[in-house]
Amino acid sequence: MTEVARQLRLVRDRAGLTYAQLSCETGLNQTSLYRAANGWRTAWPVVEAFVRGCGADPALVREHWQAATAPGGSFGVSQISDLATFPQILEAMNTLRRTRSLSLRGLSAAAEAWPLPKSTLSAVLRGRMPLRKDFLRAFVQAAGVGPEQEAAWIAAWERASRASTSHPQPIYIVTPSHALLSTLSDLPLADWSCLAEFVDDALGRQAHTSDLGAGPVPPVELSMSLNVDAEGGIESIVVRDEGPGMNDTELIGAVRAGGVRRGSARHSNIGLGLAGLRLGSVVTVRTARREAAAWSVVVLDLRVLAGDSSWSVSVVHEPKQRQDEHGTEIIIRELRDVGRRLRPQRLRQKLGDVYDHLIREDSLRMIVDGRLVAARMPCAWGSGRTVQVREGTIAARQNIDVTLSTALQCRDCSYYGSWDADACSECGSRHLVPVPERVWGWLGVQRYLHSTDYGIDFYRFGRKISARDKSMFSWSDDDSDEALLEYPVDGPGHQGRIIGEIHCDHVPVTWSKDAFATDTAQWRAVRRVLRGSGPLGTQRSRSLGYPVNDSPLAALFRGFRRCDPGLRFLVPGNGRQAIHEEARCWGRAFRQGDPGFQSDERWYEAASQHDMMRQSRPVVAKSFGDLLGQSDTSADQRTGDAAGKHASVRTPQAEVQCVYVSERKVQVTKKGTLRYGAADHRLRVRNTGTAPAERLRITVQQVGEGGPPRFPGAAGQPHEETVERLLDRTHLDLPLALPPDTPPKALITLRWEENGEAFKTVGFINWEEDPSE
C-alpha cells in the first residue's frame, strides 16, 4: 500500500485540501482518510472516494491498489531480499501485518509450528524482545505467505544476524510528555526550525567535547540533502555530521522528547525524535563514536509509536566498515506537509541568518543540497565613523562587554542556576561550575534605512534567537502599561537603521527557541545594560526626573536618530535630498558579495559629496520676525553687536530660529478611556543655516504684568539658557515653565557668535496661539 498512499498524498496536495475539507467532500471520517494516505490497508471504496474527492481519476491508483491487495502482493521476494538489519525486518513485519489486516489474535490462532502468544507477538513487533528465527518462520507462515517468500524472510534474518555484533540490544523507553504527544502533529515549528534542532545537537556535542579538554576542537561540518522523487517532490531528508557521535545512552537522551542529554541541552529542548517526526513519519538516527565497535541505530515510526502508550524503541547495532568511522546520520522518510514544503535556497538563507555568527567565526560549516551556506553579514558603518553632537563625539559602533554576576552552570545540561544551588534544577546533576553572566557584542548603525530590516539580533550560544528585535526601542515607566515608541520617529516613514549583535547565553529561551523569556530577571538586566532604565532622549529624561541616559543605545539615539543627508548624521545625499532608495540598492549589492560595496566608502563618499554641494549653493537668510509671524525688529537686528565693531557687515551663516512647542501626553487605560497628562511646554531652537552657532544665549522676557516664563534647568538666571554650540541643521528643545499668570506675549532674544563675530535677533512669541497650527 506504500505506492497507493503516495498517490493519495499527491492528489490531495494538488487539490490543496485539508483532511477536514476532504472529509466533507467524501462523507468519510478523517481517520479513515489519514490512514489511507499513510499506508494502511484500505478498501477500494475508500480509496476511490478519496481520489474523486480530490477531483482526480480513480484509475490512476486502481492498478496500484490491486497489486498491493493481491495475495503476496505487498512483499515480493525482491523486496524481502533488500532487508539486511533487524530494524528493517521488524518494520517489514509490521507493514505486512497492516497490509493484510492481521490482528494479534488472528496470528496467534493461525500459528502451528511455533506458538505465538499475543503478548510475545506485541513485544517482538515493538522491538522489546529479540527476533528469533523460529519466531519469524511461524509469523510468516501464520501470515499466509508462500514457500518462496518464507525462504526469503529466513534468508533476510540470517543476513541480519551475520551483520549484528555480539553486543546486546537494550530496550529503552522514550516516552514524551502528555502535552507534547497530544499536540505532536500541530507543533508550531517551522520546517527550518526542525532542521535547526539537528544543527544544535551537533553543536552541543562538539561543545561538550571542548569542555572535556580533548584538544583543539574542529568546526562542526554538517550536510543536508533533500532527496526528490521522480515527480520532483521531496521524498526524504538526510542530515549528516562527522562530529564525535553518541553512545547508546546519549542517543536515547537525544531522541527522547523533551529529554536532557549531556552537552546538548544548551541548544536543544524538544529532542531529535520529535523534531524529525514533525517533518516525516519515519525517522532513523544512526550514530557512533570513533572508539565504538558498531553503529547504534534507532528507528522511530510514528504509526507504530502511536499505538504504543509507552513509546518504546530498541537500539540495535550495525558493524562499521572502518573502525575510525564516527558521526551522526538522521534520515527522515514519509514526509509530512511541513517536510515537503522545504526549498533548498530558502533553507540556506534562513540557516545562514540564524547561525551567521558561528559561520563567520569558522565554528560551523553547513552544506545544503551541495551548496555552502553563507552567513548573513551586517551592513554597518565602520567603528571609525563618528558624528559630533552637543554632548561630544559619538562613534557609529558601540562595543559592549558587561559581566552582570556569577552563576552556577551545570556541566551536564548547561542550565544556569542560582549561586547557592546544590544541584541542577533541570537534570539533578551536581556537576556545577561557576560561570559569569555576561552580556557582550555591539550596537551600531546600518548604512541604509529600512522599514523592517533593522533592529538588534540576540544570540544564545551562537544561535540567533531573536532576529532584528525592536523591543529595545520602546520605553514604559513603572506606573504605566503602555509602551512609548522612541525610535524611529524622525525618519521618513518610520524607517530605522540602528542594529546590533548581542550575546546573552544565560537568559532562558522559549521551547521553540524563537524568543527569549522576557519576563525573567535575566532579560531585564540585559535591557538595562543596552538602554538604561529611563527614556533615551535627554530632555524627556530630565522632565520625568530620570538622570541623563548614558547607555550605548541612548548614545546612538542622540547621534543617529535623525536622517538628514550629509556627514552630520552619516546619511548619503545628492546635494538636494537624501538618497535612501539608492543606499538600499547598495545594501543589496553588499549582501550579494559585490566587492565594491563591502566597505562603507561608497556611503561615506555620497554623504560627503552632499555636504560639498550644499556649501557651494548660496544661502538666503530669513528674518526671525517672519518665522514668528509678527516682529518689531529694527534695521540693525541682523547685524547685532558686530555693527559697531566692523566697518563692513557680514551676513551670518547660522540661521537661528525659535518656535513654541506644547504637547499633552495622552494614554489609553486598560478600560479604554483616555488619560491626559500635564502639558509639556518647550522652546525649540533651530539652526537651519550652514554654520554652527557658538555660545548661543536664549533670553525670554514677559511683556506685561504677571509671572515670568523660566527655564527649569537653567543655572543662574531662570529666564536665560545658554548652549555652547548649536550645529547647523540641528535643533534643540528647552523645557519651559509657564506660570498660570504668565502674560500671553513674550520677547525672545537670541545671541550667538560665528568666527569671533557676534550676532543677535529678537522677536515675539504668543503663548496663547496653538503651536500645532
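Let me begin with R602, which lies over the face of W586 at 5.9 Å from the ring centre, where a charge counts as sitting over a ring if NZ of Lys or CZ of Arg is within 6 Å of the ring centre and within 35 degrees of the ring normal. A second case is R286, which is placed over the face of W295, at 4.2 Å from the ring centre.

Before I go on, please keep in mind that this is a predicted model, in which local features need pLDDT of at least 70 and side-chain atom pairs count only at pLDDT 80 or more, while totals for chains, interfaces and linings use all residues. Residues are numbered from 1 along each chain as its sequence is written, and side-chain values use heavy atoms, with hydrogens and water left out.

Now to strand β16, residues 455–460, which is mostly covered, with six of its six residues buried; buried here means under 20% relative accessible area, with a 1.4 Å probe and protein chains only. Strands are DSSP runs of E with at least two residues, numbered from the N terminus.

Which strands does β16 pair with, given that pairing requires DSSP to find at least two bridges between two strands? With β20, residues 496–503, β16 runs parallel and is joined by five bridges, and within this pairing F458 stands opposite I502. With β17, residues 463–469, the sense is antiparallel, over four bridges, and here I456 has D469 as its bridge partner. β16 and β17 form a hairpin with two residues between them, and F461 in the turn has a positive phi of about 55°.

Let me turn to the aromatic rings, where a search of the whole structure finds twelve pairs, a pair being rings of Phe, Tyr or Trp (its six-membered ring) whose centres lie within 6.5 Å, with planes under 30 degrees apart counted as stacked, over 60 as edge-to-face and the rest as tilted. One of them joins Y454 and F473, whose ring centres are 6.0 Å apart and whose planes meet at 15°, so this pair is stacked. Y454 lies in the loop between β15 (432–450) and β16, and F473 in the loop between β17 and β18 (474–475), so the pair ties together parts that are 19 residues apart in sequence.

Y454 also pairs with Y487, this time edge-to-face, at 6.4 Å centre to centre and with 85° between the planes. Because Y487 lies in the loop between β19 (484–485) and β20, this pair ties together parts that are 33 residues apart in sequence. Y454 and F473 are both buried, as is Y487, and Y454, F473 and Y487 form one aromatic cluster.

Conventions. Buried < 20%, exposed > 50% of the residue type's maximum accessible area, 1.4 Å probe, protein only. Pairing = 2+ DSSP bridges.
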